[in-house]
Amino acid sequence: MTGTPDPTTPTADARSALLPVATPARTRAAVLELVRPQRRLALTAFAVTVASTAVGLLVQPLLGRIVDLVADRGSTDAITVTALLLAAVAVAQGVTTGLGLSLISRLGETTLARLREKFVERALGLPLERVEKAGAGDLTARVTADVSLIADAVRSALPELARSLLTIVLTLGALAVLDWRFLLAALLAVPIQVATARWYVARAVPLYAEQRVAGSAQQQQLLDTVGGRATVRAFRLEGEHTARVGERSSSLVALMMRGVHLVLGFYSRLHVAEYLGLAAVLATGCWLVGEGSASIGTATAAALYFHSLFTPVNAALVLLDDAQSATAGLARLVGVTDLPPPTPPERPAAATGDTEVLVRGVSHGYRPGHPVLHDVDLTIRPGERVALVGASGAGKTTLARLVAGIQRPAEGTVLVGGVPPADLERSGEGRTIALLTQETHVFAGPLADDLRLARPGAADAELRAALQLVDALDWVEALPEGLDTVVGDGGVRLSGAQTQSLALARLVLADPPLVILDEATAEAGSAGARELEKAVARAVDSRSALIVAHRLSQAATADRVVVMDGGRIVETGTHDALRAAGGPYAALWAAWSDTRAAPAP
């Protein structure tokens, strides 16, 4: 192979296929839009936090007062009163700090919940073609890693950052109240801190964005490798896929180490600013005390004020690290929530019950210059069951996906009832087509809730009727809690045949007029295949159906068989007529029949 792209970084095509990322300006605007309904809560939280910080600033003057009392040999009663005031300040600050953090946390959690809801709503409305081009890893990383990162920032970084910034501002104001020259001395550290922050942000923003992209690429590679493990093993590709995972992981680790070195450089510059500022404040205090412009206690309070800035300044700048990382994740979420909702198609929706499928002149490929389908023409009449057969790679699944509306054809037209299938959902006819594949998901929760996803509000009697139709009622009632049994993650694990039966029952409840089955019985295994095929036949009875046949027994019961080879339709007709014709289908049937007739070793 030549021209192989470096697997450690996403290619330009891969980057362009990823879901969009919002600009910094748009991200800030989105945050304001989310917070705007909570204006009163935000103002209250701000006011309480200001009060808490202001109360805390009374500690340093009180300590300075004690120093002056001791230096001037003041009375014990005066020192005791000052100590009691310190205790009162501590109690008041504790109460107001707790209330302020509670209000900020409520604001953050409410805002995060609204962002999650918008993201999930828009993600579920994305065209499947768009999701598949981006890859499952990109969307999965956004809904897991990015959301988790933002949630952690909201729960810990946001309250601490708010308190730190307020402490910095009010402490500088308190220094000015003591003596404006203390403030000037403290501000000597600011140019170094500002330069450090700008140096860090200029490098951190693109670095964290790159880390998020590399993380998505790594997750996509892991999903591909683990999801395709059977194929990987069959073709002895373990070493190649392990190397790809290792290279993607190494790329991510290298980016993480760049981040570590960046943070180390960040802290070293901050320490220089701290020592310079503290030295300046101490020198100013000695000078003012020597001149008689300030007492020892005042100088002590000024030094304590500046020293107390170490924690909030460091916290604010450290939280800047978390903020940059969270902002990168937030931009990825806003990029999805800002995607325009599907627009209604220009042409009218299909008439109710009109499921005639017309495929005309369709050619399609997943990469330019590598067509998978070549000038395909096909008609499926309402109520007709058509089986697609052919060798692996013949184009059966691609044709089925085009008819299902998952992708639009590169050339030609695909119409269901006169409407492109991708437009049916947007035109309010989303239940016209149902696609059932061998990769069926069981949602965690009661089995009845899983079934009601297809028909919300369905009564238990309707659920049992659908299960009975696909021969699944007996094993469902044998479960510990029957329909109320928790299945999926954390519950009862269903076998491959049971999972497919559950999917067929959902199909019956959804009641679509057009069904597309893409090797839907492939995971059932030989033992349950025959029973499952009978269940499939009952589930699709009286519906139009396009069946990608994994077993030719499914083709034998279809109204018409379409044989594909090399992306073209090479034969079409009934099962009996094609067998008698002695063409490609007859050869496939003979080979399949011989395999089934062969004695077990």
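**Helices around a pocket**

Six helices each supply at least two residues to the lining of the second largest pocket: helix H2 (24-35), helix H3 (39-56), helix H5 (76-124), helix H7 (136-178), H9 and helix H12 (296-337). Helices are DSSP runs of H or I with at least four residues, strands are runs of E with at least two, and both are numbered from the N terminus. The model is predicted, so local features need pLDDT of at least 70, side-chain atom pairs count only at pLDDT 80 or more, and totals for chains, interfaces and linings use all residues. Residues are numbered from 1 along each chain as its sequence is written, and side-chain values use heavy atoms, without hydrogens and water.

Stay with that pocket. The second largest pocket has a volume of about 1300 Å³. A pocket is an open set of points on a 1 Å grid over the protein atoms alone, with protein on both sides within 12 Å along at least five of seven lines; a cavity is a set where a 1.4 Å probe fits but cannot get out; lining residues have an atom within 4 Å of a point. The second largest pocket is lined by 48 residues, and the closest to its centre are Val-31, Leu-158, Ala-323, Thr-327 and Leu-330. Its lining divides into 35 nonpolar, seven polar and six charged residues. Here Ala, Val, Leu, Ile, Met, Phe, Trp, Tyr, Cys and Pro are nonpolar, Asp, Glu, Lys and Arg charged, and the others, Gly among them, polar.

The structure holds one cavity of 30 Å³ or more. About 40 Å³ of space lies in the largest cavity. Such a volume is the space filled by probe spheres set on the grid points, which are joined across faces, edges and corners. Arg-26, Ala-30, Glu-33, Leu-34, Leu-115, Lys-118, Val-334, Thr-337 and Asp-338 line the largest cavity. H2, H5 and H12 are the elements that give two or more residues to this lining. H2 gives the most, with four residues. By class, the cavity lining has four nonpolar, one polar and four charged residues.

Next comes helix packing. Helix H4 (residues 59-71) packs against H5 at an angle of about 165 degrees, and their axes lie 10 Å apart. That makes H4 roughly antiparallel to H5. Under 35 degrees counts as roughly parallel, over 145 as roughly antiparallel, 65 to 115 as roughly perpendicular, and the rest as oblique. Axes are lines fitted to C-alpha atoms, for helices over the stretch in contact, with angles from 0 to 180 degrees between N-to-C directions. H4 passes H5 in a left-handed crossing. A crossing is left-handed if the near helix is turned anticlockwise from the far one by less than a right angle, and right-handed if clockwise. Val-59, Leu-62, Leu-63, Arg-65, Ile-66, Leu-69 and Val-70 in H4 meet Ala-78, Ile-79, Thr-82, Leu-85, Leu-86 and Val-89 in H5. Contact means heavy atoms within 4.5 Å.

Further along, helix H9 (residues 190-227) meets helix H11 (residues 238-291): their axes come within 9 Å and cross at roughly 165 degrees. H9 is therefore roughly antiparallel to H11. Their contact divides into 19 nonpolar, 11 polar and six charged residues.

Last, helix H15 (residues 460-469) packs on helix H17 (residues 496-510) at about 125 degrees, with axes 8 Å apart. H15 and H17 are therefore oblique to each other. H15 passes H17 in a right-handed crossing. Their contact holds seven nonpolar, no polar and one charged residues.
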